[in-house]
Amino acid sequence: MLTEILPRLKRLLGSFWHLRRYKVRLRVRLGKSPTSDDKSLTFLFAGRPATISPQDKDHVLRDTKWLVFSAKGFRSENAASVYGSRLRALLEIAGVSVRLGIDVGDDKPTGWMNEKWARTEGFIQPHERLLPNVHGLMVIEDDAFTKFPIMAFQGVVTADPNALIQALIDLDRSPVSTVAMAPSALRIMNLALASPEPLSQIVLAFSAIEELGQNETSTPAQSALLHELAVEVGKGFGHVTITGAERQEVAASIGRSLHKLGLRQGVVRVLRSYGMNSEVKEWDRLYALLSGHFHGTARLSEQDEARLAFDSQTICGRIILTIAKKEGVSLPSITATHFGPV
């Protein structure tokens with residue numbers, strides 16, 4: 001009885017005297033399990049000890065791809081949230097930098113259990129609380145009374161967790177924690193690196209870069225030229241025999257194209273704006289291979305598909321990390337090992 005009363009009393013007193021503290025919990029999925037038999041690893045991030053551990057504390061790191069980054073001792077929920085947001089933002093850059101792939105989630109539960117039923121069945125004690133197992137960031141009370149329903153996964157290919165930790169530490173020295181140009185691209189690129197299938201790796205990697213060019217528009221001079229062309233076509237420009245209605249449809253089609261660029265045009269403009277002219281030719285080469293393979297006009301062997309996946313991830317990762325560097329992020333030193341000079 002005393003063992004049940006004391007934890008409840010501690011929680012009550014902590015709340016009454018405003019001694020409540022908060023903890024950051026960031027649950028993520030890695031493309032490869034960490035090559036480590038440790039149950040946890042601790043490192044200094046943003047001036048505070050942070051820990052990486054399996055979601056199931058009875059396991060070692062190599063047992064799962066689902067890991068929890070945590071830091072505790074925050075005096076307010078807001079301070080914990082700010083810390084957690086920075087950790088998540090830099091973790092996505094680190095995931096691409098070490099060519100690992102990290103899915104930081106959308107802060108939605110992947111596992112849930114009725115708390116009353118769990119207590120009745122003895123899964124949690126009377127003084128404990130049960131929260132949804134969120135894939136992403138949570139700010140919770142900094143005590144030992146919170147439990148999460150766990151779903152275990154096993155991995156085959158592993159990766160050195162110390163490389164990821166060092167990348168985070170290197171990034172923490174940078175004054176920039178997010179990349180304004182490429183937040184969605186970073187997310188998609190991490191999903192590409194985490195995917196087990198070569199074809200999905202290729203498609204996701206290219207999609208990450210296409211995301212960057214979606215908002216590119218025609219320059220004022222280009223728009224003016226297109227407008228002039230639309231007007232001339234509507235007036236009767238050209239020698240093709242065509243009805244008046246058909247001519248107006250063509251003019252309207254040109255008018256709709258005044259602002260939006262095609263996917264390739266948008267990507268090429270982004271590459272050139274960041275000084276990556278040399279990447280355009282390689283982008284076109286790899287994209288042609290993807291198009292032929294995906295649409296069935298030039299199927300690749302399994303070996304060639306795997307090679308295309310590797311090359312696609314390399315160029316797309318290098319593009320995103322180059323943009324991050326141009327925007328002020330001090331990339332970790334290991335980046336060059338996986339993507340060459342950036």
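Strand β3 (residues 41–45) and strand β4 (residues 48–54) pair in the antiparallel sense over 5 bridges; two strands pair if DSSP finds at least two bridges between them. Strands (E, at least two residues) and helices (H or I, at least four) are DSSP runs, numbered from the N terminus. Another bridge of L41 has I52 in β4 as the partner. The hairpin of β3 and β4 has 2 residues between the strands, and A46 there takes a positive phi near 55 degrees.

β4 also pairs with strand β5 (residues 66–74), in the antiparallel sense and over 4 bridges. P54 has L67 of β5 as its bridge partner.

In a regular strand the side chains alternate between the two faces of the sheet. Buried means under 20% relative accessible area, exposed over 50%, and partly exposed in between (1.4 Å probe, protein chains only).

## L90 in helix α2

L90 lies in helix α2. L90 counts as buried because its relative accessibility is 0%. Leaving aside neighbours within four places in sequence, L90 is in contact with F45, L168, L171, D172, V176 and S177; contact means heavy atoms within 4.5 Å.

L90 and I169 are 79 residues apart in sequence, and their C-alpha atoms are 9.5 Å apart in space.

Two packed helices are described by the angle between their axes and the distance between the axes. Axes are lines fitted to C-alpha atoms, for helices over the stretch in contact, and angles run from 0 to 180 degrees between N-to-C directions. Angles under 35 degrees count as roughly parallel, over 145 as roughly antiparallel, 65 to 115 as roughly perpendicular and the rest as oblique.

The axes of helix α2 (residues 77–97) and α5 come within 9 Å and cross at roughly 45 degrees, and the two helices are therefore oblique to each other. E92, I93, G95 and V96 of α2 make the contact with L186, R187, M189, N190 and L193 of α5. By class, this contact has 5 nonpolar, 2 polar and 2 charged residues. Ala, Val, Leu, Ile, Met, Phe, Trp, Tyr, Cys and Pro count as nonpolar, Asp, Glu, Lys and Arg as charged, and the others, Gly among them, as polar.

Helix α5 (residues 183–194) and helix α11 (residues 302–326) have axes that come within 11 Å and cross at roughly 155 degrees; α5 and α11 are therefore roughly antiparallel. On the α5 side A185, L186, M189, A192 and L193 meet Q313, C316, G317 and I320 of α11. The contact of α5 with α11 has 7 nonpolar, 2 polar and no charged residues.

## The chain as a whole

The protein chain has 12 helices and 11 strands. Of its 342 residues, 44% count as buried. Among contacts between residues at least 6 apart in sequence, 70% join residues at least 24 apart.

## Basis of the values

Residues are numbered from 1 along each chain as its sequence is written, and side-chain values use heavy atoms, with hydrogens and water left out. In this predicted model local features need pLDDT of at least 70 and side-chain atom pairs count only at pLDDT 80 or more, while totals for chains, interfaces and linings use all residues.
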